[in-house]
Amino acid sequence: MTILTDPPKESFRLSMLLYDTRYRSATIQAIAMIAFMLLAAWLINNAITNLNTLGKPMSFGFLGDTAGYDINQRLLDYDSQDSHLRAALIGLLNTLVVAVLGCITATIVGVFVGVMRLSNNWLIARIMTVYVETFRNVPVLLWIILAMAILIETLPMPRAFKGDTPTATMDLFNTVAVTNRGVYIPEPLFSRSLGDIHFLGDMALRFDVSMDLIAFLVVLGLSIFGMRKVIARANTIQEETGDRPKTWHVLLGLLFGPSIVLMIVLGFHLGYPELKGFNFRGGIHMRNSLIALWLALSLYTAAFIAEIVRAGILAISTGQSEAASALGLRPNRTMRLVILPQALRVIIPPMISNYLNLTKNSSLAIAVGYMDITGTLGGITMNQTGRELEGVMLLMLVYLAISLSISGLMNWYNNSVKLVER
Amino acid sequence: MSDVSFVRTEMLPEQDPPGSEVGVIGWLRHNLFSSWINGILTVLSLFAIYFVLSGILPWVFQSVWNGGSLTECREIMTATWGQTHGHACWGVINERWLQLLFGFYPSDLYGRPILSLVLLLVAMTPILFNMISRRMNWFLLVLAFFVTAVLMDASIFVWILRAGFAGATLVIGYQLVTLSGADRAEQIAQGAKRLPNPLMFTAIYPFLMPWLMWGGTIWPAICTAFGFVIGYLVLRFGRAYMSELLTMIAAVAAAVIWWLVLSGYVSSALSSVLPIGIEAVQSRQFGGFMLAILLGVVAIGCSLPIGVVLALGRQSDLVVVKFLCVGFIEFIRGVPLITLLFVASLLLNIFMPPGTNFDIILRVMIMMTLFSAAYMAEVIRGGLAALPRGQYEGADSLGLDYWQAQRLIIMPQALKVSIPGIVSTFIGIFKDTTLVSIIGLFDVIGLASAIRADTSWNGIYWELFAFIAFLFFIVCFSMSRYSMYLERKLQTGHR
């Protein structure tokens, strides 16, 4: 009778750390970890020693000091007596403004160009190819500086609008002034405004929220809720009877009606820019630096987006469009209902990284003097306080946070349109 | 009964397609005027093209080439065309193109950057075009040296060099033209000497180039190269005594110790004993398009291997290694390059031992390499992810170890799949070299502002921008076309 025994227990030998695959991975990881810790410790130790020698040990106290410089393009109120922290916040908002504007414009232009590149009109396809190749193969910094130079050099000075026989006139029925100091557009004003709410009192991160805007958002939200109800009802009727009731006029009324009523109640009117003295007053002033950056970044990124869109459309097999034609769909409906929804799955992941690139490239604002976060925190604040380590660290953290949130958001969207497979 | 059925006894001849379907008219109908909308679009685009070209072409070609300053240019324009608008003043390019290309590099030493560029092309040819023969590559190399020798100042020594290089060029050139591959193979079979592998020069080039560009004694370059030799030797002969893993660690450690501790002493001792060298050039004299190429080439060349390692690390089963790689890649990809350049210009010295002060261009190179390596890693990871599992399993079933499998089976396929991504990363990093103008290096864009600060060229914009855009366009466009060529060449019909 045989006795079942366990296989002889191998005692652990030190050499097994090297020769036995079970332990070797642990060895490698331990070595990697130790090497990394040593490197980090060495770097940090050096930094501490050097900073102590320079007489400025690490501290973030400088953020509370008075900044002492002006930021001309801003969303929130700010003056030179505010702290460096507030200057950084204003800069951050400016970065976000350019990023959002740029992403929207780049998407519109990019999708248009990408679709047009596949046009069966030879000439248009070639023009779009030239556009894409030109913008892709020249550095974005050059485009930004070039856009700035075009705006400054070719547009009329505000002086040119003066006098009885002005050499320049305002565009769009006298409402928009395009000058070499920037573009002045009408601003929305309310004669019976609800006022602002101030948050956080006097602190550096204080911000105001306009009650009018909130009222608009609430009304818009209610309108959309109502529209959904109408659509849902139309769907049930269609499922029961086979006929779909006409809804577009109800939807249109629901979308615009309440907002228009609210606008009348609040006394909405536009504040037009007017020439006073040597410059324009009133209206919203978009500085050249903002416009140049916006324009250059969106056109540059649009070239990349166009290629992505084109590749995405080409990735859909021709069978899909042939099937759509066989069903009797017209070409533009085929594009909208069959091709684009499928192409979207291919398009979105690289699109995310292009939005990220645009946001990161907005840091080149420093080249044209637009005060984004690189210009405030990484520029003037760092020069004034001499806190390079802290400044650069904060700057990197801010960008990292922006990047991670964008990619998180877009990945969530990507997951929601993803093809559900087995 | 008569037969009334009709049977055709001869075929009608083939007819040409209708005139509206072939030739120019047919092409126009199909490609430009296939529908009403297309026709309108075509006319509109023709107008747009006319509008753009009517502005640009006269500006480019009705221009002034020999004005010494902007005012002079404008005088010539007024004298010739009666107006100063709509005409380019290429005088600025005519006067400053050397500066735009070389920065403040001493003008009598321009031969050195040119030689290193030519040698770069020679070093790259065996990698880029593998059909180039050994003879061809060595012919190019000797030719490059010969041209440089011709350009050098004459002395007895230079005359000897010229004669030597001319002879070598002739010999290899003669072989290249007259000998067919089969004849040469026969000669080699009969015992003739084979030319060394051109990849050898490619391996030497990274150490030759810094010496050519910066000058000084040759010993630091040789000592740096010697570090790799030490690592290789330990790797080669250590296997007999140690395990694979230990050998690898020992090799890396030996090389690092050599570079950090010993090589400095050795090279300074050797330079004092045997000062072989050429005139040294300071880093702040570097600039212009040369700087873009220098930074681009270094970042591109170094980031590919680092990117491969990072991508493998990210795919690895070792949790710690994977975590470190992911952290590094995501961090670098999350911040703009400009912040990394701030680190290079302001902070990198803070993280080094007190008293270290290393060169600004070297610091920028390090940061740009790390930056592009993170992007490269993601591109290669995409290629790795595209490989079917069967490839890994096949490698395992053959009994290959990890590195063999990567080298022989996985990497060639992964790299082939990711060629478009790799090349667009290359193009991106090359364009991003312009950002160094923001931290105060005089690259092309920085020089353009410097030229504008000169009183005689104050107010000139478009010509400089056009020139810079042209330079970058040429390089980037040819890179993208090369990637397309490579994709076609490596096309195997399945992914």
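## Interface between chain A and chain B

Chain A and chain B bury about 5,000 Å² between them, and carbon and sulfur atoms give 78% of that area. Buried area here is the accessible area (1.4 Å probe) that two parts lose on being put together, summed over both. On the side of chain A, Asn137(A), Leu142(A) and Met396(A) lose the most area to chain B, together 12% of what that side buries. The contact (heavy atoms within 4.5 Å) takes 56 residues from chain A and 58 residues from chain B.

This is a predicted model, in which local features need pLDDT of at least 70 and side-chain atom pairs count only at pLDDT 80 or more, while totals for chains, interfaces and linings use all residues; side-chain values use heavy atoms, with hydrogens and water left out. Residues are numbered from 1 along each chain as its sequence is written, and chains are lettered from A and ligands numbered from 1 in the order in which they are written.

## Polar pairs and contributing helices

One salt bridge is found across the interface of chain A and chain B; the term stands for a side-chain nitrogen of Lys or Arg within 4 Å of a carboxyl oxygen of Asp or Glu. Arg481(B) and Glu133(A) form a salt bridge, with their closest N and O atoms 3.3 Å apart.

Among the elements that give two or more residues to the side of chain A that touches chain B are helix H2 (21–54), helix H4 (122–136) and helix H13 (388–417) of chain A. Helices (H or I, at least four residues) are DSSP runs, as are strands (E, at least two), numbered from the N terminus. H2(A) gives the most to this side, with 15 residues. By residue type, the side of chain A that touches chain B has 35 nonpolar, 15 polar and six charged residues. Ala, Val, Leu, Ile, Met, Phe, Trp, Tyr, Cys and Pro count as nonpolar, Asp, Glu, Lys and Arg as charged, and the others, Gly among them, as polar.

## Chain B

Chain B has 20 helices and two strands. Its radius of gyration is 30 Å, well over the 23 Å that the globule rule gives for 495 residues, so chain B is more spread out than a compact globule. The radius is taken over C-alpha atoms, and the rule is 2.2 Å times the number of residues to the power 0.38. Along its principal axes, the C-alpha trace of chain B spans about 110 × 85 × 55 Å.
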